[in-house]
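Good morning. I have one structure to go through, and I will keep it short. Please look at the screen.

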Amino acid sequence: MLSNLDHNISSSTVQSRPLEPSPAPALEPRPPTSSDEDFFSSTSIASSSSSEDIQTNHSSPPLPPAAPPPPQIPISWPASGTISREWVNELMNAFEWASRAVPPQEFPSLLPVEVFDRLILSASKILHKEKNCVSIEGEELGRVSKVVVVGDLHGQLHDVLFLLKDAGYPGEDRIFVFNGDYVDRGAWGLETFLLLLAWKVILPHRVFLLRGNHESKYCTSVYGFEKEVSCKYGDKGKHVYCKCLGCFEGLPLASIIAGRVYTAHGGIFRSIPSTPSKRYKGKKNRKVIVDPNSTALSLGSFEELSKARRSVLDPPWEGQNLIPGDVLWSDPSMDPGLSPNKERGIGLLWGPDCTEEFLKKFGLTLIIRSHEGPDAREKRPGLGQMNEGYTIDHVVDSGKLITVFSAPDYPQFQATDERYRNKGAYIVLEPPDFDTPVFHTFDAITPRPVVNPYYDYEDVIDSDEELDMASMVPAT
Ligand SMILES: [Mn+2]
């Protein structure tokens, strides 16, 4: 456990705390806590100016709250043409500061669309070249002291910033693998995604950003990200959203660490029956119809994974290109076998026997997946709950299957008074084998700035329940 856990304000304190007017709750006088100091010491906002502001706020009659000196905004793209570690630090500081001090509609005054364009283009170029399953191995790992595996983030910017600092930021000796679901539900999906892209650009071989099921057109249109972007970029919102979707299409699907650990957002994937027999070759209008329900399901191979077409706005749930949907949407089960994931409408359910088969067949010892938060697990009594941010789901002869979820006190907007108050977790893998997971859990950064949600969270209570097929683009 982390030493700073006990310093965090407990969630119960947060619950009883009256909501504060936006913007800038950080400026309100309140007793400093160690976690705040820890957290803010990595940023430029609080250190030099807060005491002055606090005194100002104490004066009577109260003056309008004065914002701390902002970071250098608007952020500009460096004249050299390439961004640096310092630039990424400034970006993180600016996002943190703005989340408390700048209304979302003024986001372009922070990050002009031209700078957004440069960043997303730089990152997309790198991401699109990566394989469906990135291999982190060999000499690459020689100088590495740890690999950090991160689960769902869901736009909870302050928790992401805490996680990065707590785990020690990516660097030459530290690799980060993110398992997807950067956006949706939380109010700062854009900031979260962009800061991770910035890390990717400066450390392309040290930061790996895998795709989650929420990095899709369908999910972002239902769970808030599309609206968030539209609110933050106004008439440029459509342009920014399209660029983000294009970038999502480039995100790799899975990773293999040190030849032993498989990570992906949802999990394992099926084998796709081979193409029709030769006599149909060359004939026009031949149709390949594969009904996953009528075909016996079997585990897919990494060769099949490597050939899957990941560049789709929404992974199809029918047709031949089913592997991306499996990797992004599947869930483990305690029942044996592979079966269609009826609850989700896409992807698979797989039992401990399949975990064993998968690990054994490919010489692996660990699967780390994400995709299920406290709300999803609440409905799955056979599996562990997500209170600590992780569960060990299958323990088999060849190894283990683990779920890791990195969004504490999730979801940010919840219709019921009773919150899950879950911790978030990340996993550290260390040399020489990188396959013994060390779990780090953490509480949410509180209080969060008070902001409006970007989706109807009272209506959309269930997590990623089933796909609304009718509203999706047809599978291609
Ligand atoms: Mn998910």
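What percentage of the 476 residues in the chain is buried? Buried residues make up 45% of them. A residue counts as buried if 20 or more other C-beta atoms lie within 10 Å of its own, as exposed if 12 or fewer do, and as partly exposed in between, with C-beta atoms placed from the backbone.

Two notes on the source. This is a predicted model, where local features need pLDDT of at least 70, side-chain atom pairs count only at pLDDT 80 or more, and totals for chains, interfaces and linings use all residues. Residues are numbered from 1 along each chain as its sequence is written.

Now the secondary structure. The chain has 16 helices and 14 strands; these are DSSP runs numbered from the N terminus, helices being H or I with at least four residues and strands being E with at least two.

Next, a sheet. Three strands, in the order β7-β9-β8, form an open sheet with mixed pairing. β7 (331-332) and β8 (338-340) are at the edges with a single partner strand each, so one side of each has no neighbour in the sheet. Two strands pair if DSSP finds at least two bridges between them. β8 pairs with β9 (residues 348-350) in the antiparallel sense over 3 bridges, and L338 has W350 in β9 as its bridge partner.

Further along, β11 (residues 390-396) and β12 (residues 399-404) form an antiparallel pair over 6 bridges. They make a hairpin with 2 residues between them. Here H394 has L401 in β12 as its bridge partner.
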